[in-house]
2 protein chains.
Amino acid sequence: MEEKVKISILCELYGKLLTEKQFEFLDDYYNNDLSLSEIAENNGITRQAVRDNLKKGECKLFEFEEKLGLMEKTILQEEKIAVILSELNKIKDKSSDKQVAKILEHIKSELNCLV
Amino acid sequence: MEEKVKISILCELYGKLLTEKQFEFLDDYYNNDLSLSEIAENNGITRQAVRDNLKKGECKLFEFEEKLGLMEKTILQEEKIAVILSELNKIKDKSSDKQVAKILEHIKSELNCLV
């Protein structure tokens with residue numbers, strides 16, 4: 001996975017554990033595509049200060065992932081859900097029972113709310 | 001949910017974010033059923049120091065839950081999985097197809113690894 005995408009996901013998962021400023025800078029840089037200079041200007045600080053703050057925030061995010069592994073767990077869950085959805089489709093193909101079709105739809109909607 | 005059970009679950013979810021000592025005291029008190037006096041004696045500190053350390057750890061656990069909500073999410077996922085398992089059983093009751101039965105078993109085993 002691309003580093004930028006990874007940090008963006010980690011930010012979503014663990015952002016609330018960061019300081020307000022750390023989250024804001026990471027969000028501006030990785031999700032809102034602001035440059036270091038733009039963030040520096042908006043906050044009245046140097047580019048280097050922004051860079052340091054971003055680095056600290058990134059380190060924290062990777063530390064949280066190392067400890068809690070939520071990103072890895074989410075990816076595994078999504079893979080399992082994809083397998084289950086594909087298996088459900090096999091049942092759908094094998095059955096012409098309308099009630100079974102209805103149950104399958106219910107299961108799919110519950111599955112899609114799982115992650 | 002009983003407070004003791006709640007703290008035990010939170011400890012499992014967020015224990016790695018605590019300091020080593022905080023985790024050890026909480027684990028000893030809530031999971032291994034050691035008394036304050038026993039923990040105090042094992043660590044060569046006062047009962048009050050153990051109590052303070054436990055309180056700090058508990059506060060942190062509740063703070064993590066407030067921010068990340070992993071316990072609430074896990075409970076909701078388990079409820080949804082129970083609904084899905086019950087729906088899968090309905091399909092099993094409606095179908096005599098052996099291949100469908102095999103697919104259902106596969107889905108169940110994937111589901112049981114989800115949380």
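1. Two residues are in contact if their C-beta atoms, placed from the backbone, lie within 7 Å. On that basis, 100% of the interface residues of chain B are also interface residues in chain A, so the copies meet through the same surface. Note that this is a predicted model.

2. Now the make-up of the contact. Chain A puts in 24 residues, and chain B puts in 24 residues. On the side of chain B that touches chain A, the elements giving two or more residues are α4 (47–68), α5 (70–94) and α6 (98–112) of chain B. The largest share, nine residues, comes from α5(B).

3. Then the fold of the single chain. Chain A has six helices and zero strands. Its pattern along the sequence is α-α-α-α-α-α. The radius of gyration of chain A is 21 Å, whereas the globule rule gives 13 Å for 115 residues; chain A is therefore more spread out than a compact globule. The C-alpha trace of chain A spans about 65 × 25 × 20 Å along its principal axes.

4. Burial and contact range in chain A follow. Of its 115 residues, 21% count as buried. Take the contacts in chain A between residues at least 6 apart in sequence: 56% of these join residues at least 24 apart.

5. Helix α1 of chain A deserves a separate look. This helix covers residues 3–14, twelve in number. From first C-alpha to last, α1(A) reaches 16 Å, close to the 16 Å expected at 1.5 Å a residue.

6. Which residues of α1(A) are buried? They are A:I7, A:L10, A:C11 and A:Y14. Why do they lie on the same side of α1(A)? Because they cover an arc of only 105° around the axis. The cover over the buried residues of α1(A) includes α2 (20–31), α4 (47–68) and α5 (70–94) of chain A.

Methods. Residues are numbered from 1 along each chain as its sequence is written. Chains are lettered from A and ligands numbered from 1 in the order in which they are written. This is a predicted model: local features need pLDDT of at least 70, side-chain atom pairs count only at pLDDT 80 or more; totals for chains, interfaces and linings use all residues. Helices (H or I, at least four residues) and strands (E, at least two) are DSSP runs, numbered from the N terminus. The expected span of a helix is 1.5 Å times one less than its number of residues. A residue is buried if 20 or more other C-beta atoms lie within 10 Å of its own, exposed if 12 or fewer, and partly exposed in between; C-beta atoms are placed from the backbone. The arc is that of the directions from the helix axis to the C-beta atoms. The radius of gyration is taken over C-alpha atoms; the globule rule is 2.2 Å times the number of residues to the power 0.38.
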